[in-house]
Protein chains: 2
Amino acid sequence: MTFDLTILGSNSATPAYGRNQTSQVLNIDNKLYLIDCGEGTQLQLNRYGIKSSRIKHIFISHLHGDHYLGLVGLLSSMHLNGRREELSIYGPGPLKEIIEIHLRYSETILRYPLHFIPLVDDKERLIMENEQVRVYSFPLDHRISCTGFRFVEQPPLAKINTKVCDKLDIPAHLFSEIKRGADFIDTKGQIHENADLTFPPKVARSYAYCSDTINSGSYHQYIKKVDLLYHEATFLHEMESRAKETYHTTALEAAMVAKKVGAKKLLIGHFSARYRDLDPLLTECRSIFPNSYLALEGRLFHIEN
Amino acid sequence: MTFDLTILGSNSATPAYGRNQTSQVLNIDNKLYLIDCGEGTQLQLNRYGIKSSRIKHIFISHLHGDHYLGLVGLLSSMHLNGRREELSIYGPGPLKEIIEIHLRYSETILRYPLHFIPLVDDKERLIMENEQVRVYSFPLDHRISCTGFRFVEQPPLAKINTKVCDKLDIPAHLFSEIKRGADFIDTKGQIHENADLTFPPKVARSYAYCSDTINSGSYHQYIKKVDLLYHEATFLHEMESRAKETYHTTALEAAMVAKKVGAKKLLIGHFSARYRDLDPLLTECRSIFPNSYLALEGRLFHIEN
């Protein structure tokens, strides 16, 4: 099953050096999930050939402009491009009011159903589930209410051991039950245990997104052992006091978080406009957590088991 | 005196083919006036090396997203970049509410004074005046309340005829009065008329901006004899009925307007996303009004007397 992340933008606060503000597209089994939507996201989608019509769910972490100011434009373009499929937006409660005021004054009545799911930032909450994925929101620690998101693949099915199953002459219509854990009882009444009929399933993959947060530790419990962790790393560690002041994280701290929670791979982003060259941020991370990467625009990261 | 227009974007409704939505910067005597502010305008300002700190006045024609969705991001970046100078925004009344709601939920208190001047779309109105320019708003005819803008240079001063003035031994400190039309009385009491002391001033230049409008004729009275006319031309004339339906103009109609009002030069923009190649729109215009140009991003148009 596809489980890929494409970066559309990862600059913080103000765009700089042609770098766009935060937005990402997660592709799970060819369904697209948009995470944050900074100004210019619809242009970035065009640039990377990603059809916005394929996006069914949008997750907004908080109401600082660099994380959501592209949303109304995207909703409007979906409308103008004739979208009819429903769209769900998960975000802070007041976002609904913001969307509605724009639609009201432009006298726009969307042609597609828009569902708004307000997020509550008190604890981890399951906010969405379908056949492919469960999505959880959890509180981050920022200047204003801000939630991270964890995407967890639905438990993959076991794989049929065809050699054994063929030998036992198991009819094919039972395979889907066996993949889900059923045993097999043959015509003589003998029970063949599921473990003998299958190869164990792969472990469910997970991706956690920590958009803007001070490294307070309060949210570490929600991102344990994720396969891929995106964590903001606005500053170099020499700017630690500025990071604390603005409720942001340094690159070194992001690496420490990744190590502490046992993440397999770390992506850093939300780069301050003060850094033209981002390599020092990456070097700082890798000094603690070698499997670190920059969340650069247009890059695709495959999330592996 | 500088009187230049730089195009930052001119695509309509949805961005397409890398073309950005409507925004322009007018440079009058090295002061910058931003006209409309589609999504991505701050990125376009960066791209063309135009410092947003130099912008003191922003004019928003109407509340369709492609004309203003970049505004809040720009205001926020000005704030984050430490702006202290005051900024004036001229736009439809509800724009104030839209700006305020964004600032409220992001808990942003701007570091600079922001003045909001609501526009009334009943008739031509003088909305701003300084030493360089007078700016008028006037009603256009669109689906929602929409105003155009006319920028008229303050009447240029006459030029001193140094040959005559030297001969009459006129003291230099009188020149500024003479440039403004004063006569000169010499020691014998003889009056030397201003016309003999000066060369006639250049005619004041003007620029008119018609963002989104059906070609109803109601607004033609406000754009007579402008030196440069920007007029939307969303469609080719073969789409005339679609243009009427959506309260837009065709390229042929834009050219007819330019001809009728006696404009010197025509710029067309607000191109529909259906046109990858814009040349047919220009060809259509030039068949009626040869001095027509496409408002392409990054192009600078010098407004001549």
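Which residue is the bridge partner of A:Leu229 in β16(A)? In this predicted model, where local features need pLDDT of at least 70, side-chain atom pairs count only at pLDDT 80 or more, and totals for chains, interfaces and linings use all residues, the partner turns out to be A:Leu266. As for bookkeeping, residues are numbered from 1 along each chain as its sequence is written, while chains are lettered from A and ligands numbered from 1 in the order in which they are written.

That pair belongs to a parallel pairing: β15 (residues 228-232) and β16 (residues 265-269) of chain A are joined by five bridges. Here strands (E, at least two residues) and helices (H or I, at least four) are DSSP runs, numbered from the N terminus, and two strands count as paired if DSSP finds at least two bridges between them. Both strands sit in an open, mixed sheet of seven strands in chain A, ordered β7-β8-β9-β14-β15-β16-β17. At its edges are β7 (125-129) and β17 (292-294) of chain A, each pairing on one side only. From one strand to the next, the twist averages 20°.

Neighbours within four places in sequence aside, A:Leu266 is in contact with A:Leu229, A:His231, A:Ala254, A:Ala255, A:Ala258, A:Cys285, A:Phe289, A:Asn291 and A:Ser292. Contact means that the C-beta atoms of two residues, placed from the backbone, lie within 7 Å.

Helices come into the picture next. Helix α9 (residues 279-286) of chain A lies across β16 and β17 of chain A, at about 170° to β17(A). Axes are lines fitted to C-alpha atoms, for helices over the stretch in contact, and angles run from 0 to 180 degrees between N-to-C directions. Helix α8 (residues 251-261) of chain A packs with α9(A) at about 35°, the axes being 8 Å apart. On the α8(A) side, A:Ala251, A:Leu252, A:Ala254 and A:Ala255 meet A:Leu281, A:Glu284 and A:Cys285 of α9(A). By class, that contact has six nonpolar, no polar and one charged residues, where Ala, Val, Leu, Ile, Met, Phe, Trp, Tyr, Cys and Pro count as nonpolar, Asp, Glu, Lys and Arg as charged, and the others, Gly among them, as polar. In chain B, the axes of α8 (residues 251-261) and α9 (residues 279-286) come within 8 Å and cross at roughly 35°.

Not counting residues up to four places away in sequence, A:Thr234 touches A:Ser12, A:Ala243, A:His248, A:Thr249, A:His270, A:Phe271 and A:Ser272.

Chain A also has an open, mixed sheet of seven strands in the order β6-β5-β4-β3-β2-β1-β18. Its edge strands, β6 (114-119) and β18 (300-302) of chain A, each have a single partner, so one side of each is left without a neighbour in the sheet. Three bridges pair β1 (residues 3-9) of chain A with β18(A) in the antiparallel sense, and A:Thr6 stands opposite A:Leu300.

Over in chain B, five of the seven residues of β1 (residues 3-9) are buried, so this strand is largely enclosed by the rest of the structure. β1(B) runs antiparallel to β2 (residues 23-28) of chain B, with six bridges, and B:Gly9 stands opposite B:Ser23. Three bridges join β1(B) to β18 (residues 300-302) of chain B, again antiparallel, with B:Leu5 partnered by B:Phe301.

Finally, the two chains touch through 29 residues from chain B and 29 residues from chain A. On the chain B side, α1 (41-47), α2 (71-80) and α3 (94-105) are the elements giving two or more residues. The largest share, six residues, comes from α3(B). By class, this side of chain B has 12 nonpolar, 13 polar and four charged residues.

Technical notes:
A residue is buried if 20 or more other C-beta atoms lie within 10 Å of its own, exposed if 12 or fewer, and partly exposed in between; C-beta atoms are placed from the backbone.
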